[in-house]
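Hi everyone, thanks for coming. I'd like to talk about charged side chains today, so let me put the structure up.

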Amino acid sequence: MVKQRRVRAHSCCAAVAPFCCRRGAVKTLTEPAIFARETSCDCRAPHEKLTIAQARRGTPVDRPVRVYADGIFDLFHSGHARALMQAKNLFPNTYLIVGVCSDELTHKYKGFTVMTEHERYEALRHCRYVDEVLRDAPWTLTPEFLEKHKIDFVAHDDIPYSSAGSEDVYKHIKEAGMFVPTQRTEGISTSDLITRIVRDYDVYARRNLQRGYTAKELNVSYINEKKYRLQNQVDRMKEKVRTVEEKSKHFVYRVEEKSHDLIQKWEEKSREFIGNFLELFGPDGTWKQVFQERSGRMLSYALSPRESPCNSPPRELSPLRSPSPPSPPARWHNARPSPPTSPKGASASMSSMSEGDEDEK
């Protein structure tokens, strides 16, 4: 069964507590917290006074424990939310009512606020720990107010809150045994946030001018407006220069990385080349061995030439070559006939030579 938040709030004091208020039940939040009624609480069950020990034991079982927490809640932040979370988890079954003071009371007793009271009301309504928001809450809690809203306990930090002529506005609540302390969150408060804005006023004024707000809306003079706009332009130029520098650094880094890789590869190739060269041409290299072997072979061929075998067939003359004519006798060397000038002379000389041969015989 899924209960809407509005139904749960109106029946929180019924004889049977709604299922979503029981311990361990899973709540489905589909609507913001309701606003408290101007009249008294719709409590039908008798509202007996509880002690803190009884409430922590989970009694009474017929209704949740009604816890009240009040404040200004200007610039609602995580410190506010954590305080409300502690108040919500004080007891096993807690119904948290949050009172928010109006602008009139706040400006009178504490000071000017950034958010209006309606903005602060809405901020509290959308906090997951809040069951009910009470608008225009009183600055000091009276017994009549506590009785009207059937409040069992009041939750606030334990630091004395001096205001409205009182050293501690929660003193009478503490004396009545209805005060339950919560812990403050260090490092975050509304005053701290305002201090940051005031300290860096120029930065936020320039920021909003850059986002389209006018000088009139920011209550900035004409001279300051021009100064802020000039500073914005200078900042943009600085940002461009910074971007270019970052890109340049990235480019240089990439070039250095590539150069390192190339040098490393070149060194590896150089070592490989030198090793191969020494392997071939070094004192004990392969080339020297080959050269020595070939030199030995040539020397051996020169000293002991190989003989041709006896039974080898005679070398045949090439058909393209003609046999050399036989050498003439020695006596012919001194008296060589002159070359014939004509075919008839050649034939005559040949016949004479043949006759001479016959006579010798």
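Quick definition before we start: we call it a salt bridge when a side-chain nitrogen of Lys or Arg sits within 4 Å of a carboxyl oxygen of Asp or Glu. Keep in mind that what you're looking at is a predicted model. The general idea is simple: side chains of opposite charge can pair when their charged atoms come close.

I'll walk you through some of them.

Let's begin in helix α5, residues 117-125. Arg125 pairs with Glu122 there, and their closest N and O atoms are 3.3 Å apart. The two are three residues apart, about one turn of the helix. Is Arg125 buried or exposed? Buried, because its relative accessibility is 13% and the cut-off is under 20%. Glu122, at 33%, counts as partly exposed.

Now helix α10, which covers residues 222-281. Glu239 and Arg242 are also three residues apart, about one turn of the helix. Their closest N and O atoms are 2.6 Å apart. Both partners are partly exposed: Glu239 at 43%, Arg242 at 41%. While we're on salt bridges, shared partners join Asp158, Asp168 and Lys174 into one network.

Last pair: Arg184 and Asp157, at 3.5 Å from N to O. This one links distant parts of the chain, 27 residues apart. Arg184 is in the loop between β6 and α8, and Asp157 is in strand β5. Asp157 is buried, with a relative accessible area of 11%, whereas Arg184 is partly exposed at 49%.

Note on methods: Residues numbered from 1 in each chain as written. Predicted model: local features only at pLDDT ≥ 70, side-chain atom pairs only at ≥ 80, totals over all residues. Heavy atoms only, no water. Helix = DSSP H or I, 4+ residues; strand = E, 2+ residues; numbered from the N terminus. Buried < 20%, exposed > 50% of the residue type's maximum accessible area, 1.4 Å probe, protein only.
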